[in-house]
Amino acid sequence: MRKYGYKQSNSDHTLFLKQRNGLITCLIIYVDDMIITGNDKGEMEQLRQNLFAEFEMKDLGRLKYFLGIEVLRSERGIFICQKKYILDLLAETGMVDCKPMETPMMINHKLHMELKAKLADKERYQRLVGKLIYLSHTRPDIAYAVGVVSQFMHEPQATHMEAVIRIIRYLKGTPNHGVLFKSNGHLEIQAYTDADWAGDKGNRRSTSGYFTLVGGNLVTWRSKKQKVVALSSAEAEFRGIARGLAEILWIKKLLTGLGFPPKETSRMMCDNEAAIQISENPVQHDRTKHVEIDRHFIKEKLEAGIIELPFVRSEDQ
């Protein structure tokens, strides 16, 4: 790719870019599958010819299916989903005729490692959770539930397997769900960030999550347990803000590489006023001594005008 004048993106090493006369061509690759896109039709055709000369390849035409992800186009936009992958999963688990569930996980679940609890089939559990992790690429609605069940891979218990089966039963009722990308006439970056405080019953760590929107379209989402125990709900939310901010900076860098440098300040929504005040207030707080690195990181970006932190009500979160 370098020989043909392409640059490897620093934001994503599987992405190669070439800019010419104000136009751009992108190639993204995963092992031996690739997508070519852009608005420079001449360069895209030239790249295809060059690749055919170098390698034995097939051109599968317009993008319809990529690594188990279906890509559908309409006047409304581009829709990605994994319907066939879900149907195959239901068939493999013998759950094609199961009764669907309305939610992927019980509210206020209490999943943890119990003493002397009945164990589940470890190999089957790991295989199913692995498939669910891959499914969450187009299913933000199961991301949190999958994050929870993936914490018990080393020694799954019967209650954990029940939680996995519940996610699959939820998928049975929602195989057509996916993510829609449409043109909204702008490329503003927004993020929502949240955290539960001491939600893990086993070690009292908090789980933080975020999702980001570019031009009004959902592009990335994540739910992850924090590495240390938070001493207050504000601290748990605060660490969530830091993770969401890191994601915004990565998206800004990626968009700049694509030739669309963001001009507006990015908005990051948080429903904890204490966390917002600590982020904005330069005064040293006794209660934030132990989160200084995150605090300086957020404050620096706020002062530079890269992000702003508006408050959002919990019911709108």
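The model is predicted, so local features need pLDDT of at least 70 and side-chain atom pairs count only at pLDDT 80 or more, while totals for chains, interfaces and linings use all residues. Residues are numbered from 1 along each chain as its sequence is written, and side-chain values use heavy atoms, with hydrogens and water left out.

The cysteines make a handy starting point. With a disulfide taken as a pair of cysteine sulfur atoms within 2.5 Å, the count comes to zero. For C81, the closest cysteine sulfur is that of C98, and because 19 Å lies between the two sulfurs, they are too far apart for a bond. Accessibility was classed as buried (under 20% relative accessible area), exposed (over 50%) or partly exposed (in between), using a 1.4 Å probe and protein chains only. On this scale C81 is buried at 4%, and C270 is buried at 0%.

Next comes the sheet. Helices (H or I, at least four residues) and strands (E, at least two) are DSSP runs numbered from the N terminus, and two strands pair if DSSP finds at least two bridges between them. Four strands form an open sheet in the order β5-β6-β7-β8, with antiparallel pairing. The edges are held by β5 (65–66) and β8 (178–181); each has a single partner strand, so one side of each is left without a neighbour in the sheet. Four bridges join β7 (residues 77–81) to β8 in the antiparallel sense, and I80 has V179 in β8 as its bridge partner.

Charged pairs complete the picture. Side chains of opposite charge can pair when their charged atoms come close. A salt bridge here is a side-chain nitrogen of Lys or Arg within 4 Å of a carboxyl oxygen of Asp or Glu, and the count comes to 16. One of them joins K84 to D88, with the closest N and O atoms 3.0 Å apart. These two residues are four apart in helix α2 (residues 83–92), which means that about one helical turn separates them. Both partners are partly exposed, K84 at 42% and D88 at 41%.

E92 takes part in a salt bridge with R127 (3.4 Å, N to O). Because E92 lies in helix α2 and R127 in helix α3 (residues 122–135), this pair ties together parts that are 35 residues apart in sequence. E92 is partly exposed at 41%, as is R127 at 40%. E92 also meets K131 in a salt bridge (3.4 Å, N to O). K131 is partly exposed at 24%.
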